[in-house]
Amino acid sequence: MATRQTRTLARSMMAPSVILLLAWMIVPLAMTLWFSFLNYNLLNPANVSFAGLFNYQYFYTDPAFFQSIWNTLLLVGGVLLITVIGGVALALLLDQPIFGQGIVRILMISPFFVMPPVAALVWKNMIMHPGYGVLADIARWLGVQPIDWFAQYPLVSIIIIVAWQWLPFATLILLTALQSLDAEQKEAAEMDGAGFVSRFIYLVVPHLARAITVVILIQTIFLLGVYAEILVTTNGGPGYASTNLPFLIYRTALLGYDVGGASAGGVIAIVLANIVAIFLMRAVGKNLDR
Amino acid sequence: MARAVSTRTKIGFSIAAWLIALLIFFPILYTIITSIKTEAEAIAGFDLIPSVTFENYVEVQTQRDYFKPFMNSVIVSVGSTLLGCLVAIPAAWSMAFAPTKRTKDILMWMLSTKMMPAAAVLVPIYLLFRDSGLLDSRIGLTVMLMLINLPIMVWMLYTYFREIPVEILEAARMDGASLWNEIVYVLTPMAVPGIASTALLNIILAWNEAFWTIRLTTTDAAPLTAFIASFSSPQGLFWAKLSAASTLAIAPILIMGWFSQRQLVRGLTFGAVK
């Protein structure tokens, strides 16, 4: 059907998006790659020289590098574990008949709309603060020594905050998927005498599999880049205990003024993200054909 | 469909659901409550019934000029959304109504640009912004946010446009409608709901973006994310004021979010879960 005229029109309508995204992808990427092979310090910008693989070597021998990669993985893995398990449980609960379901839903999804700096500061000051936080109040009421969360368990604290932000997202998506489960199928299974557990394993889990995959992959993209929550709570510390890869890059670049080193870290972060991306693209791509 | 559920079971589920929901909502509720306490009450221990005062809201404005970052947030998030619509609508339109063999590849590629971790390109973007004088400018930040959300916009609009039945177009063509008439009188009315949901989700995402907004601004263009983050190093205790600022910062988006639950699921899963 498409005439040559409509094809040209279609192409020119697409051009701005494609050109913008192409530039947005190629320019910073090429610059990061180029900088990663340079000795380039912002405090001494006149003295730029070729460094070969020195920056990578430097990053590789820095103990903070491995700790930050490990922290990144722990953060992503911990939050995924909490949100997926919690999300399935909450979605199953919300799928039951409940008084005031609409309001319950609104209360449960709210944390997702709270901007990261607010979420982190609220938890830091009013919930987890060892002196004045609600958790400290509860601990004292129970007669226990209050926990100094950010000093004793910095990474765990951040995992809790980030999980609080993302649990609503997982719940909402899994609930949407759950509600598309055919009611007749459920009834048929019930009539055949399938109990809750076997219904859950053989009917609900396979039905939710795709939604769970989507939740895991999309959250991973965002969780690999957690930044503001760390900035306003622990600032990466104590030491490097709660520094993840994005935070280490930020520290190297804007606090250490080391352009080359930060760029090498950036290249590594891109490689990490791409491994995840390949899986996500497959899952979403398959879905396009349906 | 109608399954008989005993009232007792329903009450049991309801109690469990309400308890969990209130627990999850508690940090937000407590922020709102703290915002109407006095500073002395705010650190005096757990208390759900404060002496209601709106002094904190007044002081956040008079001492820290709250209105400025608030307006920056509005300008940057609405601006990036409008700019994004301008670029994304034609693209999604042509992909949905004049698809070619490569349409799917282009869509996948656009999505893949979203996978680039922001921190990885912090250095080049920071240097580019510095050298072109865009650091701490609303225009620079607006363009930045438009770019990072553009793939989501194109995708979301595409999934909406694709649902518009082509038969209607053919019928209009048979009746002799020109391309222009077709767009204005047939397609636009059917596309408006999809565009509205996309814009809404995009405003939410831009409002809450907390990497570029913090790193690319200092004072003049700092939106609420950067403003609130600047409270992280406390000089004296001011939790009641911080709570007031936080409440104002999250309220508009919270309300918008409540209205766009379904669109959120669609937009953020790229149409994979509806």
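This briefing covers the fold of chain A and its interface with chain B. The model is predicted; local features need pLDDT of at least 70, side-chain atom pairs count only at pLDDT 80 or more, and totals for chains, interfaces and linings use all residues. Residues are numbered from 1 along each chain as its sequence is written, and chains are lettered from A in the order in which they are written.

**Chain A**
- Chain A has 13 helices and two strands (DSSP runs numbered from the N terminus: H or I, at least four residues, for helices; E, at least two, for strands).
- Its radius of gyration, taken over C-alpha atoms, is 24 Å, whereas a compact globule of 290 residues would have one near 19 Å (the rule is 2.2 Å times the number of residues to the power 0.38).
- Along the principal axes, the C-alpha atoms of chain A fill a box of roughly 80 × 75 × 30 Å.

**Interface**
- In contact across the interface are 80 residues of chain B and 81 residues of chain A (C-beta atoms, placed from the backbone, within 7 Å).
- Helix α1 (residues 7-35) of chain B gives the most to the side of chain B that touches chain A, with 16 residues.
- That side of chain B has 64 nonpolar, 14 polar and two charged residues (Ala, Val, Leu, Ile, Met, Phe, Trp, Tyr, Cys and Pro are nonpolar; Asp, Glu, Lys and Arg charged; the others, Gly among them, polar).

**Helix pair**
- A:Val104, A:Leu107 and A:Met108 in α4(A) meet residues of α1(B), including B:Trp18 and B:Phe25.
- By class, this contact of α4(A) with α1(B) has nine nonpolar, no polar and no charged residues.

Definitions and conventions: Contact = placed C-beta atoms within 7 Å.
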